[in-house]
Amino acid sequence: MKRVRQIDELTAHAGTADWRLLSGENGELAIQPAMREKVALVSGVNRECLLLVAPGCYPSQAYFEAARHAHRLEYTVKPLYAEQSILTLLHDQQAALASTDAADRLITQEDRERLDELITEAVTRGAADIMISPRKGSQTQYLAELDIDTMITPYRDYTRDEIEGMMQCFYQSKADQETVEEPIFKFGSAQFAAGDGVWAGHRTRIRYQSKPAFPGGTDFALRLLMMSETSGFNSINDLNLPPQQARMLERASRRDSGAIVLAGQTSSGKTTTVKVMLENLSRTRPDIVIRSLESPPEYVMRGVHQHAVRESKGGELQALSEHVKELMRMNPTYLFLGEVRGHESAGLFLHMLESGHGVILTGHAGSPLGIYSKLEGLGISKQVMTQASNVNALIFQRRLPRLCPHCKIPMSQSAAIEDKEALDRLRMLKSSLERVCVQSPEGCSQCNNRGIRGTRVAMDVVRPDLRMSEMVRADDTRGFHARWVELCVEHDWGDAAETALYHSLRLVLEGEVSIHTVESRFSEIDSTLLTDECRTWKTSGGFACEFSV
Ligand SMILES: [Zn+2]
């Protein structure tokens, strides 16, 4: 067995200068502290791992335990003798080493320029996220991707060193130091930071999160939030919803008490919807005061007093209770509470509701009914949420990439098997498929060769009545939706009963959105799904339903 005398020699044995200690405190192959002076595990290339063992500790229980540990996670083990001092240095001084490394590494001009170039490009292209992760099977090559119009688009490759420099530059020089938990950037840990800056002429808030990736390396996500932007959406009509659904939003946003809860995934356009609703409220009800707590405000909302809540360590909203006291003294009639994440914001929501104010809040959930369970998890019971007039509307929305109108291809002309199969499934809709299109693989100059230009929003808007509330308490999903359709029939609200899926399928028939996107975001369409989707419509006594199955 070979012997390692100096830490520098590890590079030759590992076959890479990029080796990492795997057996440290939070390492992938963490070992008991008592074993650390006897053995250490260090990563090499191709999932080989160096098992360093102190002279006199081979064979020993520590040695075999470490080897088993590595085998279990499918590493091949290469045993080496190492001086005790090396094991100590690797383990005990790991944290110190990491921080000295970071502190010693100076942020260079190239780091700054590379970071600026990446963010500027992302902002220019209207990306919502920058995602950076190691190329599969590599610890030295990283790929940066952009989320544009909800589509993931590869941007370019970087080396690990370039990424380390860029991310350190963001963490230590661009981020607001009040948002960071640890003052020093560490490449291989989970860290959060947030900071503002101006890129491509847009004031942008960036939320940074890093996370160790399997089997090695680190993932980084930079969420870009444009601030003080005009969104291009000025009224509910701009959302392009079915007419009765748009009216439903308008009616819901006219009441000055009760809650509107808006759910959807990240970057599903929730804030845009809130903006048009609040501006509508402010236009129709000049007598009430509307305030918002946002982190950060994404758009300027006319007629709304907007307040930025700072994010403190780890991304929690800072001192929300302070804001509550201040807000109560300022007597808001209506409050928009961005992204309810913690119990503190849930408490504020309840307080607003119970004191007879109006409140809009946004959150993550997969359906209108999912909102109730989500809120329950934060301590807001179904009991409260189903009390008479506590909820004005439940909204669930999705944002879908819109096919570029200049280069989309009629689906009937496509020879691709998956297109032919999808077309067959679409026949179940018993509607004209003449306008159905797919994305052009080459794109055109109008869409920067992406085949996608902008997005369309599809949503569920539900205004529960007392009977629906009873069904929520009884967990009767089908009854809940059936009653909603029944209500829409009774009141002649027509297409207000459309679900996000139904609306999305309509957009497919209109050639606005690709069936492949809809199927990947909802589920593959089959007769069961369509029957379910249409049953409520049929039993309700018949809307003009295009999908008769
Ligand atoms: Zn195009």
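Author: Two residues count as in contact when their C-beta atoms, placed from the backbone, lie within 7 Å. The model discussed here is predicted. With that cut-off, the buried residues of α11 pack against β11 (258-264), α12 (382-385), β16 (391-403) and α14 (466-473).

Reader: Which residues of helix α11 are the buried ones?

Author: Helix α11 covers residues 370-377, and its buried residues are Ile371, Tyr372 and Leu375.

Reader: What puts them on the same side of α11?

Author: The arc that they cover around the axis is only 100°, and that places them on the same side of α11. An α-helix has 3.6 residues a turn, so residues three or four places apart point the same way. Just after α11, Gly379 has a positive phi of about 95°.

Reader: Why is α14 called roughly antiparallel to α15?

Author: The axes of α14 and helix α15 (residues 477-490) cross at roughly 170° and come within 8 Å. Angles over 145 degrees count as roughly antiparallel, so α14 is roughly antiparallel to α15.

Reader: Which residues meet there, and how do they divide by class?

Author: From α14 come Arg467, Met468, Met471 and Val472, and from α15 come Gly479, Phe480, Arg483 and Trp484. They divide into five nonpolar, one polar and two charged residues. Gly counts as polar under the classes used.

Reader: What makes α5 roughly perpendicular to α6?

Author: Helix α5 (residues 109-124) packs with helix α6 (residues 160-174) at an angle of about 80°, their axes being 8 Å apart. The range for roughly perpendicular is 65 to 115 degrees, so α5 is roughly perpendicular to α6. On the α5 side the contact is made by Glu110, Asp111, Arg112, Arg114, Leu115 and Leu118, and on the α6 side by Glu162, Gly165, Met166, Gln168, Cys169 and Phe170. By class, these are five nonpolar, two polar and five charged residues.

Reader: How do you know whether Leu115 is buried or exposed?

Author: A residue needs 20 or more other C-beta atoms within 10 Å of its own to be buried. Leu115 has 23 within 10 Å, so it is buried. Leu115 is in helix α5. Not counting residues up to four places away in sequence, Leu115 touches Met166, Cys169 and Phe170. Leu115 and Gln168 are 53 residues apart in sequence, and their C-alpha atoms are 9.9 Å apart in space.

Reader: What does α6 touch on the sheet, and which strands form that sheet?

Author: Six strands form an open sheet in the order β7-β6-β5-β10-β9-β8, with antiparallel pairing. The edge strands are β7 (151-159) and β8, each of which pairs on one side only. Neighbouring strands are turned by 20° against each other on average, direction ignored. Helix α6 packs on this sheet and touches β5, β6, β7, β8, β9 and β10, its direction making about 105° with that of β7.

Reader: How do you know that β8 and β9 pair?

Author: Pairing needs at least two bridges between two strands. Eight bridges join β8 (residues 192-199) to β9 (residues 202-212), so by that rule they pair. These two strands run antiparallel, and Gly197 stands opposite Thr204 in β9. Their hairpin has two residues between the strands, and Ala200 takes a positive phi near 50° there.

Reader: What joins β9 to β10, and β5 to β6?

Author: Nine bridges join β9 to β10 (residues 218-226), and the two run antiparallel. Ile206 stands opposite Leu224 in β10. The hairpin of β9 and β10 has five residues between the strands, and Gly217 in its turn has a positive phi of about 85°. Strands β5 (residues 127-134) and β6 (residues 141-148) are antiparallel and joined by seven bridges, with Pro134 opposite Tyr142 in β6.

Reader: Why do β1 and β2 count as edges of their sheet?

Author: That open sheet has four strands in the order β1-β4-β3-β2, and its pairing is mixed. β1 (3-4) and β2 (39-43) each have a single partner strand, so one side of each lacks a neighbour in the sheet. Within the sheet, β3 (residues 48-53) and β4 (residues 76-82) run parallel and are joined by six bridges. The bridge partner of Val53 in β4 is Tyr81.

Reader: How many helices and strands does the chain have?

Author: It has 18 helices and 19 strands. Of its 549 residues, 41% count as buried.

Methods. Residues are numbered from 1 along each chain as its sequence is written. This is a predicted model: local features need pLDDT of at least 70, side-chain atom pairs count only at pLDDT 80 or more; totals for chains, interfaces and linings use all residues. Axes are lines fitted to C-alpha atoms, for helices over the stretch in contact, and angles run from 0 to 180 degrees between N-to-C directions. Angles under 35 degrees count as roughly parallel, over 145 as roughly antiparallel, 65 to 115 as roughly perpendicular and the rest as oblique. A residue is buried if 20 or more other C-beta atoms lie within 10 Å of its own, exposed if 12 or fewer, and partly exposed in between; C-beta atoms are placed from the backbone. The arc is that of the directions from the helix axis to the C-beta atoms.
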